[in-house]
Amino acid sequence: TTACASGTQAIGMAYESIKAGENTVVLAGGCDAMITEIDLMGFCMLGAVTSEYNENPTKGSRPFNKDRSGFVLGEGAGMLVLEEKKHALARKAKIYAEIVGFGNAISGYSILDTPPDGENLAQAMKIAMDEAGINKNQIGYINAHGTSTRDNDSSEAAAVIKVFGEDVMSIPISSTKASTGHLISGAGAIEAIFSIMALKDQCLPPTLNLEDIDGKCTLCHIPK
């Protein structure tokens, strides 16, 4: 497990395995079930979960808002069938999307947060785009990690600005964690599915509760 990155990394490893010819079909994704007293206590001690909206929990997850104060813990799972393209076409499989690049980067900055300048996040995005052979003008949507924690959201915004520069306000971005809560190891897999379905349906999911955007997180948001 790599905590919040687990689901995404599992999908990325499956993609690399197929690309290398090691496998033809891989079932990949992530799941977690951390709504327990001990796990919740641990997140509370880290200062990672919000306690501002206990009476109105649907408002608790507030990615990129000025008044964000932590995430709402969720539970769930997401799995994808990844398959070598020729194999899928030969059996007339219903293909929802094609994965063409994957990027991975590491930071030793903190057990909880990424660096304020978002350097490692930017590095991962650049690696994925380089491998895919696409430029920033070909990106149509970003599904943000967007945890609703104070430092993560501003770090992620800095990374997106670092990668996309002056074009950043033309690329829609949203955090679906405002809808699902933070699924920890399941998050990346569920959010890959959100992104795939956005492509299929040509409909971008919003960031719920986005009412007052933090100036450090000025991006092309999809609010409410």
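Starting at the N terminus, the elements of this protein chain follow the order α-β-α-β-α-α-β-α-β-α-α-β. That makes seven helices and five strands, where helices (H or I, at least four residues) and strands (E, at least two) are DSSP runs numbered from the N terminus. Keep in mind that this is a predicted model, in which local features need pLDDT of at least 70 and side-chain atom pairs count only at pLDDT 80 or more, while totals for chains, interfaces and linings use all residues. Residues are numbered from 1 along each chain as its sequence is written, and side-chain values use heavy atoms, with hydrogens and water left out.

**Overall shape**
- The C-alpha trace of the protein chain spans about 55 × 45 × 35 Å along its principal axes.
- Of its 224 residues, 43% count as buried, meaning under 20% relative accessible area with a 1.4 Å probe, protein chains only.

**Contacts**
- In the protein chain, 75% of the contacts with a separation of 6 or more are between residues 24 or more positions apart; a contact means heavy atoms within 4.5 Å.

**The sheet**
- Three strands make an open, parallel sheet in the order S3-S4-S5; two strands pair if DSSP finds at least two bridges between them.
- Strands S3 (142-143) and S5 (220-221) stand at the edges with a single partner strand each, so one side of each has no neighbour in the sheet.
- S3 pairs with S4 (residues 172-174) in the parallel sense over two bridges.
- Ile142 has Ile173 in S4 as its bridge partner.
- In general, strands of a sheet pair through backbone hydrogen bonds, either parallel or antiparallel.

Notes:
Buried means under 20% relative accessible area, exposed over 50%, partly exposed in between (1.4 Å probe, protein chains only).
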